Amino acid sequence: MSYKYHQFQVVGRGLPTETEEQPKIYRMKLWATNEVRAKSKFWYYLRKLKKVKKSNGQMLAINEIFEKNPTTIKNYGIWLRYQSRTGYHNMYKEYRDTTLNGAIEQMYTEMASRHRVRHHCIQVIKTATIPAKLCKRESTKQFHNSKIKFPLVFKKVRPPTRKLKTTYKASRPNLFV
Amino acid sequence: MPFKRYVEIGRIALVNYGKDYGKLVVIVDVIDQNRALVDAPDMVRGQMNFKRLTLTDIKIDIKRVPNKKTLIAAMEAADVKSKWENSSWGRKLIVQKKRASLNDFDRFKVMLAKIKKAGVVRQELAKLKKETA
């Protein structure tokens with residue numbers, strides 16, 4: 001499973017000056033498609049929080065964070081701030097996924113489809129793994145059933161490889177299961 | 001026509017697309033409407049879209065997200081492998097695989113066997129025709 005958005009831990013500080021020998025070190029966890037973008041995002045956020053810019057700061061470390069348990073299903077809650085056509089809004093969204101990167105990717109695609117918000121207008125405030133009892137959204141709570149059972153209603157049978165795909169078929173497909 | 005094959009924990013499914021094509025996997029948990037967490041004795045537990053799975057009639061008795069040992073034990077207890085290989089669907093797949101793996105000598109042998117079988121059938125038919133005529 002390759003994810004578009006990777007999670008990075010970026011550590012940086014302002015450059016040491018005569019007045020401040022040991023400037024404070026700041027660490028951020030953020031999502032970006034690659035390391036270069038992650039570093040750029042780091043400076044963007046840090047500029048907004050502290051009086052430091054990339055030109056008078058230094059990057060100390062950047063590491064990718066990988067999912068600890070990619071074989072268990074978790075409920076992720078994501079708090080975000082996004083820019084719509086008329087202003088900034090906060091949102092809380094829930095996703096069920098095996099990895100946090102997967103949930104973030106779901107979030108970006110859902111924001112794009114439901115609210116037409118592009119990736120650069122979204123800021124992730126906080127993410128958390130939510131235990132099942134504390135989930136707020138019905139669409140995630142409906143899967144919290146240990147005896148879950150549903151049929152697959154429309155079953156379109158695909159060719160097993162894209163090479164065997166044809167434009168015309170001799171007969172109509174049978175969609176029942 | 002009510003539905004007979006449900007997506008549920010313990011349902012055996014056949015993978016019909018992608019890297020694990022042709023494998024039998026167990027649905028171990030449901031992530032959301034489109035994806036399930038699947039597991040098989042020889043693969044790492046992972047998520048799969050329902051579009052890549054075809055449900056079978058076989059279902060084993062497991063709890064939600066069992067560990068690998070319990071899963072393998074449950075599959076042995078329910079005897080999934082023999083049930084699959086004796087089902088008509090499973091047998092058809094085995095025959096398809098065998099046919100695809102024949103070399104030219106094997107195909108020659110198949111041709112001789114077919115001719116022989118047709119000869120025997122025709123002899124029997126001639127005998128029956130003689131009796132009724």
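Author: UniProt positions are given here in the numbering used for this model, feature names are shortened, and annotations may be inferred rather than shown by experiment. The model itself is predicted.

Reader: Which residues of chain A does the UniProt annotation "domain: Large ribosomal subunit protein eL20" cover?

Author: The annotation comes from an unreviewed UniProt entry. In the model, the span is 25% helix and 43% strand, and its end C-alpha atoms lie 14 Å apart. The UniProt feature covers residues 6–127 of chain A.

Reader: How far apart do the end C-alpha atoms of residues 45–117 of chain B lie?

Author: UniProt, again in an unreviewed entry, places the feature "domain: Large ribosomal subunit protein eL14" at these residues. The span is 62% helix and 16% strand. Its end C-alpha atoms are separated by 47 Å.

Reader: Which element gives the most to the lining of the largest pocket?

Author: The pocket has a volume of about 1,100 Å³. Its lining comprises 36 residues, and those closest to the centre are B:Leu14, B:Gly22, B:Leu24, B:Trp84 and B:Leu93. Two or more lining residues come from each of strand S2 (11–15), strand S6 (53–59), helix H1 (68–78), helix H2 (80–86) and helix H3 (88–100) of chain B. With six residues, the element that gives the most is H3(B).

Reader: How many residues in the lining of the largest pocket are charged?

Author: The lining includes 17 nonpolar residues and six polar ones. The charged residues number 13.

Reader: From which element does the largest share of the lining of the second largest pocket come?

Author: This pocket holds about 920 Å³ of space. Among its 34 lining residues, A:Met1, A:Ser2, A:Tyr3, B:Gly46 and B:Gln47 lie nearest the centre. Strand S3 (57–65) and helix H2 (100–115) of chain A, together with strand S4 (35–40) and strand S5 (43–49) of chain B, each give two or more residues. The largest share, seven residues, comes from S5(B).

Reader: Which element gives the most to the largest nonpolar core?

Author: The core has 33 residues, and B:Leu53 and B:Ile60 have the most contacts inside it. At least two of its residues are supplied by each of S2, strand S3 (24–30), S4, S5, S6, H1 and H2 of chain B. The element that gives the most, with six residues, is S3(B).

Reader: Which residue of chain A is in contact with B:Leu53?

Author: Neighbours within four places in sequence are left aside here. The contacts of B:Leu53 in chain B include B:Ala13, B:Val25, B:Ile27, B:Val38 and B:Met48. From chain A, the contact is A:Lys155.

Reader: Where does A:Arg116 lie, given its positive phi?

Author: Phi of A:Arg116 is near 60°, a positive value in a residue other than glycine. The residue is found in the loop between H2 and strand S6 (122–130) of chain A.

Reader: Is B:Val65 buried or partly exposed?

Author: Phi of B:Val65 is near 50°, positive although the residue is not glycine. B:Val65 lies in the loop between S6 and H1 of chain B. Buried means under 20% relative accessible area and exposed means over 50%. Because its relative accessible area is 27%, B:Val65 is partly exposed.

How values were computed:
Residues numbered from 1 in each chain as written. Chains lettered and ligands numbered in written order. Predicted model: local features only at pLDDT ≥ 70, side-chain atom pairs only at ≥ 80, totals over all residues. Heavy atoms only, no water. 1 Å grid on protein atoms, 1.4 Å probe; cavity = no way out; pocket = protein on both sides within 12 Å on 5 of 7 lines; lining within 4 Å. Points joined across faces, edges and corners; volume = space filled by probe spheres on them. Helix = DSSP H or I, 4+ residues; strand = E, 2+ residues; numbered from the N terminus. Nonpolar A, V, L, I, M, F, W, Y, C, P; charged D, E, K, R; others polar. Core = buried A, V, L, I, M, F, W, Y, C linked by side-chain atoms within 4.5 Å. Buried < 20%, exposed > 50% of the residue type's maximum accessible area, 1.4 Å probe, protein only. Contact = heavy atoms within 4.5 Å.
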